[in-house]
Amino acid sequence: MGGAADMRLLQIWSVVAALGGLWTQPGLAQSRFGAQGAEAAPDRRQVWSVPTPASGTVARAILYRPPGEGPFPLAVIAHASTQNPLRRAQMAQPDYRALAGWLVTRGYAVLVPERPGHGGTGGRYLEDQGGCDDANYLNAGRATAQSIALAMDYLRSQDFIRQGGTLIVGHSAGGLGALALAGQNLLGVTAIVAFAPGRGGHAHDRPNQICAPQALVATAGEFGRQAHVPVVWLVTRNDSYFAPEFSRQMAEAFRGAGGKVDFRVLPEFRGEGHFLADSDGGDEIYGATLDSALKAFTARPARKR
């Protein structure tokens, strides 16, 4: 397909995504932020709208809660991303149902916000890393972190959310954004869980190829500077985006710069381990490992600014 046709298709998808956001959120006109409908199964699933760093863009989000009134500690799950604009426009609303359910059973209220430039949220993509050979992972990760932090702060303004004990969970590009937050030492954040954090994996759609890999390692090191929020870093043996050997290099760079990391290699998961975090049944692979790591970290008080 030619360049003009590609651009026209992208414009169509952008319009469809924007309209879809309006049609599926009838309460948005009455309430810009907050709950946009009734609770439902599983785990009191509810559509919410939360603020974003993009002017005029409201993030679509899914909120899950345990029974009762709370207050509950908060877990924010940051989803994966892609540089391909057509794929971003077509992304389904991320819900991380199994991972969220696992966290809800441990007492967390779980927010899964869709960041600007993706799916029904739409708006300007803030996390552009640039070209493959000269990818700017530092800026992309910090932009992701800003979106995570805004959503987190909004939810923590709600009466049913506890101010302390917050958990940030990131997957792939969302995981890199979570690592960026570790260096900001946000008030009340107890730990970060990063499922195969990174960007630029499957370079040119080729497994085990990464755009500017050394730049990605260097970025992990930069995010480790001054970081005091501990990180649980998880990767499966059959992750073809950020393989265990490469992920270990990133984790060591983060640790070497001052960050605290509990790095774990998990068993293979189906045909592609990179999708462990957002797949049903994934908790059978990460559950016990994550439980033990989080118990060690959450036993300590969250560091203040």
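User: Which is H118 here, buried or exposed?
Analyst: In this predicted model, H118 is buried, with a relative accessible area of 0%, where buried means under 20% relative accessible area, exposed means over 50% and partly exposed lies in between, using a 1.4 Å probe and protein chains only. H118 is found in the loop between β5 and α4; helices here are DSSP runs of H or I with at least four residues, strands are runs of E with at least two, and both are numbered from the N terminus.

User: What is H118 in contact with, leaving aside its neighbours within four places in sequence?
Analyst: With those neighbours left aside, H118 is in contact with H79, A80, S81, R88, M91, Y125 and E127, contact meaning heavy atoms within 4.5 Å.

User: And G117, buried or exposed?
Analyst: G117, which lies in the loop between β5 and α4, is buried with a relative accessible area of 13%. Beyond four places in sequence, G117 is in contact with R88, G122, G123, R124 and Y125. The C-alpha atoms of G117 and S81 are separated by 9.5 Å, the two residues being 36 residues apart along the chain.

User: Before going on, what are the ground rules for a predicted model like this?
Analyst: Residues are numbered from 1 along each chain as its sequence is written, and side-chain values use heavy atoms, with hydrogens and water left out. As the model is predicted, local features need pLDDT of at least 70 and side-chain atom pairs count only at pLDDT 80 or more, whereas totals for chains, interfaces and linings use all residues.

User: What is the mean pLDDT of the chain?
Analyst: The mean pLDDT is 89, and 87% of the residues reach 70 or more; pLDDT is the predictor's confidence in each residue, on a scale from 0 to 100.

User: Where does pLDDT stay under 50?
Analyst: That is the case over residues 1–30, for which the model has 22 contacts beyond four places in sequence.

User: Switching to disulfides, which residues form one?
Analyst: C132 and C211 form a disulfide, with their sulfur atoms 2.0 Å apart, the cut-off being a pair of cysteine sulfur atoms within 2.5 Å. A search of the whole structure finds one disulfide. The pair links distant parts of the chain, 79 residues apart, with C132 in the loop between β5 (109–113) and α4 (137–155) and C211 in the loop between β7 (189–195) and α6 (213–224).

User: Which hand does the link have?
Analyst: The link of C132 and C211 is left-handed, with -100° about the S-S bond, and C211 is buried, with a relative accessible area of 8%.

User: On to pockets, which residues lie nearest the centre of the largest pocket?
Analyst: Those are A80, S81, T82, Q83 and Y241, out of 38 residues that line the largest pocket, and about 830 Å³ of space lies in that pocket. On a 1 Å grid over the protein atoms alone, a pocket is an open set of points with protein on both sides within 12 Å along at least five of seven lines, a cavity is a set of points where a 1.4 Å probe fits but cannot get out, and lining residues have an atom within 4 Å of a point. Grid points are joined across faces, edges and corners, and a volume is the space filled by probe spheres set on the points.

User: How many cavities of 30 Å³ or more are there?
Analyst: The structure holds two cavities of 30 Å³ or more. The largest cavity has a volume of about 50 Å³, and its lining includes H171, F195, D239 and H274. Strand β8 (residues 231–236) gives the most to that lining, with three residues.

User: And what lines the second largest cavity?
Analyst: The second largest cavity, with a volume of about 30 Å³, is lined by V50, P51, T52, A59, P113, E114, R115, P116, S147 and A151. The elements that give two or more residues to this lining are β2 (46–51) and α4.

User: Last topic, how many residues of helix α5 are buried?
Analyst: In α5 (residues 173–182), 10 of the 10 residues are buried, so the helix is largely enclosed by the rest of the structure. Helix α3 (residues 97–104) is mostly covered, with seven of its eight residues buried, among them W102 and L103. Over the chain of 305 residues, buried residues make up 55%, and the secondary structure comes to eight helices and nine strands.
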